[in-house]
Every structure is written in structure tokens, then in C-alpha cells.
Amino acid sequence: MTERESKGRVLELVTVVAFALLALRVLTFQVLQSPRYKQLSDENRVRIDVLQSPRGDICDRNGRVLANSLPSFNIVLDAFERSYLRKEAFVESTIVSVGRLLGVNEDSILSEAMSGKSASYGRIVVRRGASLNEISVVEERLSELPGVEIDVAPVRHYTLGDTTCHLLGYLGEVSADELEEAGTEIGPGSLVGRGGVEMEYDHLLRGRDGARLVEVDALGRRVGLLDKSLARTPRRGSTLVLTVDRDLQRVAESAFGDWERGAVVVLDLKTGGVLALVSRPAFDPNLFSSGLSLGEWRKLLLDRRKPLLNRSIQGTYPPGSVFKLVSTISGLASGTLREDATLGSCSGKFPYGGRVFKCWSENGHGSLNLHDAIVQSCDVFFYRVGLKVGLDRISKYAKEVGLGEKADIDLPGERRGLIPDKRFYDKKFGPGKWARGLLLNLAIGQGEILATPLQLAILAEAVALRGVVLKPHVLQAIRVQDGRTIYTKLEKIEVKGVDRSLFETVASAMEGVVEGPSGTGSRARVQSVVICGKTGTAQNPFGEDHAIFVAFAPAETPEIALCVIVENGGHGGTVAAPIAQKIMDHYFRAFDRGGI
């Protein structure tokens, strides 16, 4: 073989090997690794569009809408285009531009985009509930803003605004943790309940988000829909019917007038349902639906009046003289107090343990029986009751009538309050190192005792129903998508260890508080209806006293029970009782007209 022939052979061999290697690579890519590269190709070509489901409506007991979902426009940054975020040019040309167009800080948009808060296929909502002007401005520049889109989505609307904010709650964007927990039920950017009914029944209201497959080009732009049979239609949430009456809710809120802080709870004594629930100060939940700015959110959080606190179930207050009802029940039920007891005379002062405990009446009440002591709210009489009955019995019966324990209402964040007992004081002062003088303050509702407005309304209910407490609730019925309506069940709890006749004694005295000539709650009187009530003025170390009033009516056949608390309002009979009067007056006039 000549040298030339040898070189030709080598060249042929090299060529064959090269082609063999090339064929092997083609085989690897085209055959052996075909599934992997097809998957990668599909992932780049196919995206998932999440279709937000409308939340179910929330209605009052008569079917009047309190919250619904209306169509709205969102301006979003499509996460498909997120690869652009690594390019400074995109940041300059898109995020900064859209931020300036909408008056949104571009840093916050960028932070949101890069935080990984939304899933990879999700969208970042730059402006929720955009106005027509904002939509027009963005639409004109859309070709210059890659990744920016205008999306139609339902927005939550609260028909009574701040009047129902603590009852209904508000909405906020789903967090990464919530998104992971919810699985496929909701998508990134969806809104979920934050407080009130929206939060408690979020699983019923939010329905199920839909989804569709979208084909995108190499730049991530949508070019069409893929297999429609794989698309999932959004499913609307259930409609909730509440026990609340819209008109009574308005009246209760309005009756508060210019008082800045406090709460009202009105209970239906036929079902235990909440007829009205007010907490002051309030906020407009519609602001959250349209996208609350960071500045607005911080302003709410830092507000010294704490408008986000639902005082009706989270506010805890010394019950003041309203607690004298509990001291009476404890004494009668334990046999340590008789109905005809007088317990000495009131001179306006009661010396005990080296201290002088005063009565609210400086001149004293003289000699009173139990009935009149409640009617005139004599402090000295109940100092003596506290010493006779003792801590263990007061603690026991206070808890029996619903104080110091959660009422388990179907609203989030309820607090327990506090009914101190021997263990509490042993822990606070050391075993046995606390003085009996504590009992004087406890018996008149001062000291460490704390109760929520809901618990005090339940106390009035327990007297009205002669030893029965109905589980409080705000949900009356659920209208599910298949057309069925599911109603809540009535739950009764018996107050143990207290004979019904003893509640008659307490109820009679409460009637005297409002209807009697010397009662402290006369400002709660309603024409043609006999009201039973009890005033309270709770001492407040941080300012003016809190005004409190509890009541039920009518006296013979009770229908409603309520509690009004006005922080820093002063005397219960002067400030809280007139508010209760307006609420009850409306209720009974509406009832006569066939309403409620």
C-alpha cells in the first residue's frame, strides 16, 4: 500500500468514526433521551393560566347582600416573562415604566417578583381593581411593556363598608405557606379571608380556582390555548346566610354616635344567633379588596386606637357592677345568700383590712334587701356578699354562666377573659399569701376579672332563659352549588347547679334596674316593652371609666339579649343604657312591622 493509499484509509476511518459518533449522539437525543427533551420542550411551550373563582356571597338573615364579588380589572406582571427580570433593560423598560404609570413604587414590584412568593406559573398583581383611567394608560403602552397584562378578576365588595368590617373581615393575598397547604384549590395571587366570616368560612366561600393550558412562543408570549378538554372551569363558592339583621346592624353602629371605642353584641334568644355585632373604631374592608398600599397597611397597624381589633369578642374588660348579677347567682345557688338578706346598712363606706372601700353613692343607700341592692347597685352590700360567698363559689358560678371561657362562637380570634380563682392568686402572690380583701373588689366586678362583651351578653341570656345558654353563632345557613341549603343546628347548654327559681329573683331585680323608680338603668326604657337590665361602670387605670350595660327583653317572653360597652364612656346608666335603648326600640318596632 502506497503512502497515499494509507492516508486515504486513515481519512476514511476518521470520517466513519466521526459519522458514527454523530449518529450515536443523534440516537441519544432523538431516541434514548427523547422523553426528557420532550418534557423540557413542553415545559417551555406550555404554561398554566389560573382562573380565579368568584367568592360566594354573604347575606343577612333576610337574604340581603352584605358582601359579593363584582368583576374588576387587575394589571398584572406575567411570571412567564420572569426570565426578563435578570436583564437590567427589562427592569428599566417594564417594571419602572409600569410603576411610574400607576404610581406604584417599582422597588416593591421588583421585590415581589423576585421573592418567589408566587408560584413559577403565577402572576404578580401590580394593581388590583384598576380604574378605567389606569387601564387606558397601560393599554396604550402595552406593546412597550413585555410581560404586563390586563386581567379580569372578581373583586370583593362590602355593601355596608365599615359597618360590618369586624363581623365579615376582609381579604388578603394568599401566602406561600397557605398556597402550599391548599394544594390545587387556589392559585397564586388569589385572595383569602383575613378575619371575621371571610376567614372562618374561607373554605366554603372561595370555591375552586380554574385553570387552562396555554401555548407560548420562545419569548414567553401567549400564542394560543391548548387542549380545552384539560381546562378546569372555576367553581363559585357557596353563599352564606348569616343570623345578622342588616338594619339592626346599622342601627347598632349608628347608636354609638361619636364615641370612639367600644362594642355591641345583640343575641337572638330563640336561636343563639348574633343579630348585630359592632366594634369601634372600624375600617373600610373594601380598601383591602382593591389592594391596600404598604403605607395604608402600616397606618392601620400603628393606629393607637387599634381598629383591627374586634372588641366584641377580643376586647376584655372589667365587668364592673354587671358582675353583681354573678355574685348574686353564686350566693343564692350555694345557699350562702338569702333573697331577703339585708346584710347591714350602707353609709357610703366599708372599712376592711385597714382600708376603706367606698360605695358609688357617697351618702350611702341605708339598709337594702338583695332586690334593691341590685336595683340601686349598692357596692357596700356586695362587698359583704363577696365575703360571705367566698372566692371558690364566685369563680365556679361565674364560669357556669359563661365567663372566663371562650363561647366558641364561629368567628376567629375570640378571647377567654379571666375569672380568677385560688390557683390564680396562689400563683400570683404565693400559696395562701393573698388577702380576703380581694373578694370585695371581685364581688363588684373589679380587680383581675375580665370579660368580653359577648360573654356579658351571654350572662344576660342565661338570666333571660332561666339557666339556659345557647351557643352563639353568626352562620345561619349555607347555600351550596347543587341548590341545597344546609341550616345550622341549635345547641343548648344548661347552667349547672342553679335552680330556675333563682334566676327569677335575678330577673326581677334586673327589671327593677330599668323600670323601677330608683333603678340605675332607666334610660334604657322602651315604650310598651318591659326591659330587664344592669348597669356597670368599670374603673379604668388608664383613663375615664368604661360604661357598660347588659339587658334582655321583653321581661316575660325574652327575645333578645345584648351588651353595650363604651370605652372611657363614664357611667353605664348615662352612656351605655341610651345606646341599648335605641337598639331595642328599633328591634321591637321592626318586629311589630313583621321584620327581623
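Visitor: Let's start with Y425: buried or exposed?
Guide: Y425 has a relative accessible area of 1%. This is a predicted model: local features need pLDDT of at least 70, side-chain atom pairs count only at pLDDT 80 or more, and totals for chains, interfaces and linings use all residues. Residues are numbered from 1 along each chain as its sequence is written, and side-chain values use heavy atoms, without hydrogens and water. Under 20% is buried, over 50% exposed and in between partly exposed (1.4 Å probe, protein chains only), so Y425 is buried.

Visitor: And which aromatic pair is stacked, with 10° between its planes?
Guide: Rings of Phe, Tyr and Trp (its six-membered ring) pair with centres within 6.5 Å; planes under 30 degrees apart are stacked, over 60 edge-to-face, the rest tilted. With centres 6.4 Å apart, the pair is F350 and Y352.

Visitor: How are the rings of Y425 and W434 arranged?
Guide: W434 is buried too, at 19% relative accessible area. The two ring centres sit 5.4 Å apart with planes at 35°, so the pair is tilted.

Visitor: Which residues form one aromatic cluster?
Guide: The whole structure holds twelve aromatic pairs. As for the cluster, its members are Y170, F283, F288 and W297.
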